[in-house]
Amino acid sequence: MIVTGFAIAKVKLDHVLSDIRSIAFTFIRMLAIPCAVALLIRSVSLPFDPTLLGIMVIMYAVPNASLPVISCHIYKIEDNTLSRAYALTTISALITMPLVCILL
């Protein structure tokens, strides 16, 4: 978490918000896919426990994993793009996670 914290700290917020491709990816990753999973699970005629449905949808709505950022740091690979995407998904989770929970 320390490595990913440093990676996010060196990212400038205006660079994160100006990257349209990352914003589109984040929208799809954090809102569209969880909503599609919820609709898909509900459309199946099998009986699902609401708790199980919630867990499965929230698993798709959480931010990106931090392991790729750590791997870039270990192997001395440029991680600016990855750090921007990680920062964007982490920040957007403050908005998208409650929205996904409300839509459940």
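Predicted model: local features only at pLDDT ≥ 70, side-chain atom pairs only at ≥ 80, totals over all residues.
**The salt bridge**

- The partners are Asp19 and Arg84, whose side chains meet at 4.0 Å, counted from N to O.
- Asp19 sits in the loop between helix H2 (13–18) and H3, while Arg84 belongs to helix H6, so this pair ties together parts that are 65 residues apart in sequence.
- Is Arg84 buried or exposed, or something in between? With a relative accessible area of 21%, Arg84 counts as partly exposed, because buried would mean under 20%.

**The overall build**

- Follow the chain along its sequence and the pattern reads α-α-α-α-α-α.
- Picture a box drawn along the principal axes: the C-alpha atoms fill roughly 50 × 25 × 20 Å.
- The protein has 104 residues, and 31% of them count as buried.

**The largest pocket**

- How much space lies in the largest pocket? You'd find about 160 Å³ there.
- Its lining is made up of Ile23, Thr26, Phe27, Leu31, Leu88, Ile91, Ser92, Ile95, Thr96 and Leu99.
- Two helices each supply at least two of the lining residues: H3 (20–43) and H6 (80–103).
- H6 gives the largest share of the lining, with 6 residues.
- Leu99, one of the lining residues, is found in helix H6.
- Leu99 has 37% relative accessibility, so it counts as partly exposed.
- Leu99 and Tyr60 are 39 residues apart in sequence, and their C-alpha atoms are 13 Å apart in space.

**The nonpolar surface patch**

- Which residues form a nonpolar patch on the surface? They are Phe27, Ile28, Ile33, Ile55, Met59 and Tyr60.
- Taken together, these patch residues have about 600 Å² of accessible area.
- H3 and helix H4 (50–61) each contribute at least two residues to the patch.
- Phe27 is listed in the pocket lining and also in the patch.
- Met59, a patch member, lies in H4.
- Met59 counts as exposed because its relative accessibility is 56%, and the cut-off for exposed is over 50%.

- Arg42 is part of helix H3.
- At 48% relative accessibility, Arg42 is called partly exposed, because exposed needs over 50%.
- Now look from Arg42 across to Ser66: they are 24 residues apart along the chain, and 31 Å separates their C-alpha atoms.
- Lys76 has its place in the loop between helix H5 (67–74) and H6.
- What is the phi of Lys76? It's positive, at about 55°, although Lys76 is not a glycine.
- That's worth a second look because most residues other than glycine have a negative phi.
- Lys76 is also exposed, with a relative accessible area of 73%.

Conventions
Residues numbered from 1 in each chain as written. Heavy atoms only, no water. 1 Å grid on protein atoms, 1.4 Å probe; cavity = no way out; pocket = protein on both sides within 12 Å on 5 of 7 lines; lining within 4 Å. Points joined across faces, edges and corners; volume = space filled by probe spheres on them. Helix = DSSP H or I, 4+ residues; strand = E, 2+ residues; numbered from the N terminus. Patch = residues over 30% accessible without salt bridge, like charges linked within 9 Å, V, L, I, M, F, W, Y side chains within 5 Å. Areas by Shrake-Rupley, 256 points an atom, 1.4 Å probe, with all protein chains shown as cover. Buried < 20%, exposed > 50% of the residue type's maximum accessible area, 1.4 Å probe, protein only.
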